[in-house]
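Here are my notes for you on this one. Have the sequence and the 3D view open side by side as you read.

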There are 2 protein chains.
Amino acid sequence: MGVEGEQTVTRRREIVLTSAAEFIRSGYAGTSMSAIARALGMQKASLYHHFPGKEDLFVACIDEAFSGTHHRLEAIAADRGMTVRDRLNTALDELYDIYLGREMGMMPALIAEAAARIPSIGEQFFDGLFAQQDAAIMAIIDQGIAAGDFAVDNRKALVHMIFGPIVMASMSVQMLSGSTRADSLLPLDEVRQGHKQMLMAAITRRG
Amino acid sequence: MGVEGEQTVTRRREIVLTSAAEFIRSGYAGTSMSAIARALGMQKASLYHHFPGKEDLFVACIDEAFSGTHHRLEAIAADRGMTVRDRLNTALDELYDIYLGREMGMMPALIAEAAARIPSIGEQFFDGLFAQQDAAIMAIIDQGIAAGDFAVDNRKALVHMIFGPIVMASMSVQMLSGSTRADSLLPLDEVRQGHKQMLMAAITRRG
DNA sequence: GTCTATATTTCGATAGAC
DNA sequence: GTCTATCGAAATATAGAC
């Protein structure tokens, strides 16, 4: 691949990252192609040269947001230099860092919103990229079950108890983005530590 | 209050309920005043006779969605005909029925989206109507703590572990609204029962 | 690959008759 | 209280020069 090809890839990725930030802040319908072009410092027509339309650009944003996370979780699951409990703890920290650091927790809400306009998008990502993240986390928990450390009654519910509070924290951050009292109303570190501790307690095998 | 007044109240409530359903399905920016008027079988100009603008109509939808829930939870907390565990269990069922029955779990996502356009809305409802629901649930849990049945380390995290999975389930329903495999991909009853059991286990005092 | 200019539709909101 | 008609702005998307 030559220099031009690499630059094209970089440019495309730059567009996707900027677009994702705009979608996260203003929603799918609330983000215009003009606003994205403005944030990139380019003209709207130039944006349409890289992506055929708004829907395609949005799908690219979802792929970008979730594909990387999936692989990072799998790398943690494969790291046998840690105990299973440490692997799970590291994976949960990774999820919090990614979901809150880039406000990626708004993505499920965005997809739910866009699903009314782009029918295929909902099932495609619930059963695709979401399922991959679920599987990566559950793989670590299955390691703990095999080792006799963990016990899980309801796997589907556990997934919701892992991702639900993280997604809700991200939405709350967005909700309070214009508030000066955001830090006191939503103590993120406290919620994060408490969430991790309650999760660990919930799956730790007793006896 | 005369007949005309009552009809006006009813008409206003009818508009709010229909609007809320439209906002939930298509998002704040994605829902036009024309679409709401069409769903009501009236003209757009008639809609503007009842509400001065889209923002005011949206705020009315949020109030309608959350004010009733708050009072129903408080009624459960005050019912001493049940054990504390049964009160909490009933309150959680009430939350699931309301949040999933009317897809009210999309409201936090809607408010997060609208917060970028209506700056006051985020803090107002996080610190207002949300906080009232949190307090109503925590009041029941505090009854259990006082009775020696429950023990809670991190109250903020517990609130996220109660509402997070419910909100996420509601968003997933929206996400899969166009899917024929929704029931198998998202077994709502299974998730609900598992969530309740894990919550109960997490706050039950041991020893 | 980026630009200016524009086509077409839809948006929130209003005026005024009835 | 509901309607028809309409305004100005902004939306997605395209045409075509450079």
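**Notes on the DNA and the chain contact**

1. Start with a phosphate: one of its oxygens on DNA strand C sits 3.4 Å from a polar side-chain atom of A:Arg11. That is a polar contact (a pair of N or O atoms within 3.5 Å; within protein, one must be able to donate a hydrogen and the other to accept it, and residues adjacent in sequence count only if both atoms are side-chain atoms).

2. Keep in mind that this is a predicted model: local features need pLDDT of at least 70, side-chain atom pairs count only at pLDDT 80 or more, and totals for chains, interfaces and linings use all residues. Residues are numbered from 1 along each chain as its sequence is written, chains are lettered from A and ligands numbered from 1 in the order in which they are written, and side-chain values use heavy atoms, leaving out hydrogens and water.

3. Now the two protein chains. Chain A and chain B each put 51 residues into their contact (heavy atoms within 4.5 Å).

4. Between chain B and chain A there are 4 salt bridges (a side-chain nitrogen of Lys or Arg within 4 Å of a carboxyl oxygen of Asp or Glu). Have a look at A:Glu123 with B:Arg181, where the closest N and O atoms are 2.7 Å apart.
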